[in-house]
Amino acid sequence: VECVSGCVCPQGLFDDGRGGCVQEEDCPCVHNKQWYSHGAEITVDCKTCTCQRGGWSCTKVGVCHGTCTIYGSGHYITFDGKFYDFDGSCEYVATQDFCGDKNSSSSFSVITENVPCGTTGVTCSKAIKMFLGNTELKLEDKNYKEIQRDIGNEVQYRKRTVGLYLVIEASNGVMLIWDKKTTIFIKLTADYQGKVCGLCGNFDGKSNNDFTTRSGLQETNALEFGNSWKQSYTCPDVTEEIQPCSVKPHRKSWAEKECYLIRSPVFEICHSKVDPTPFYEACVHDACSCDSGGDCECFCSAVAAYAQECIKAQACVFWRTPDIC
């Protein structure tokens, strides 16, 4: 509680930490270095918290969606918030709800096709296949295609364009958001908690067990975990993590200068809510590796991924300008 009684204020009043004296019930609250007045509401991790007498009173509301993010050259943020990099050149299961136990029936899967981007060996998501019952949707080259299959039930879905993104929302609680380049966000309703598997993890609220392989083993190594989710045995396994700034050292200082935007005052409102470090490092990695024409696209995708996490944490940042992305 920031609100204190002391010799600063007349008896019965409290110093509100902002140079004023208030009644105890009017004491403000602090969250992430921001002040909130008595009665103010904020949403944190799917809880609604109300400022009361200088402290927060929280209630759990509704159900939270889980979001998995795949962006740039091989960056993953699982449903449970684990960050890792994986540069495989193949098709991989991003997420699916058929995970080997006898009771689970498959209603959806999302497959990402990763191909080399640039000359350093890193890979980007080039195409996405989404299987919804008896429908296959293929997203590639900024386009969308529907293919009917012989197996599976019918699952209703709708597609719409929102700003830069194509959004596919299915009746079974699966949503896919694609920037028509290398970024996808997969959102699932809470019904799928603990019932999915793939590169996006198991969505059980714990990030330390997200590296569960296709055969159900717990891995500590991102490469072993990622290799287990490839769709074809003919694709080679990934054996080492690529460090593009070591391969292209002449690009490193340029990359660091561009990516400083993530750590700059532009995003200051977000820094205390979402740690910028992994996003900055991913941005530098991508800016070093995108050396075959997609420089700006890689940089912009990396910054957009951080901005998206900021929005989830209720810190909206207007970072795009006529000069930047």
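Analyst: The chain is divided into domain 1 (14–58), domain 2 (66–228) and domain 3 (244–313), with bounds from an automatic or database domain assignment. The model is predicted: local features need pLDDT of at least 70 and side-chain atom pairs count only at pLDDT 80 or more, while totals for chains, interfaces and linings use all residues. Residues are numbered from 1 along each chain as its sequence is written, and side-chain values use heavy atoms, with hydrogens and water left out.

User: What area is buried between domain 2 and domain 3?

Analyst: Contact means heavy atoms within 4.5 Å, and 21 residues of domain 2 are in contact with 18 residues of domain 3. Buried area is the accessible area (1.4 Å probe) that two parts lose on being put together, summed over both. Carbon and sulfur atoms give 61% of the area between domain 2 and domain 3, which is about 1,500 Å².

User: How many salt bridges are counted between domain 2 and domain 3?

Analyst: A salt bridge requires a side-chain nitrogen of Lys or Arg within 4 Å of a carboxyl oxygen of Asp or Glu. Between domain 2 and domain 3 the count of salt bridges is 0.
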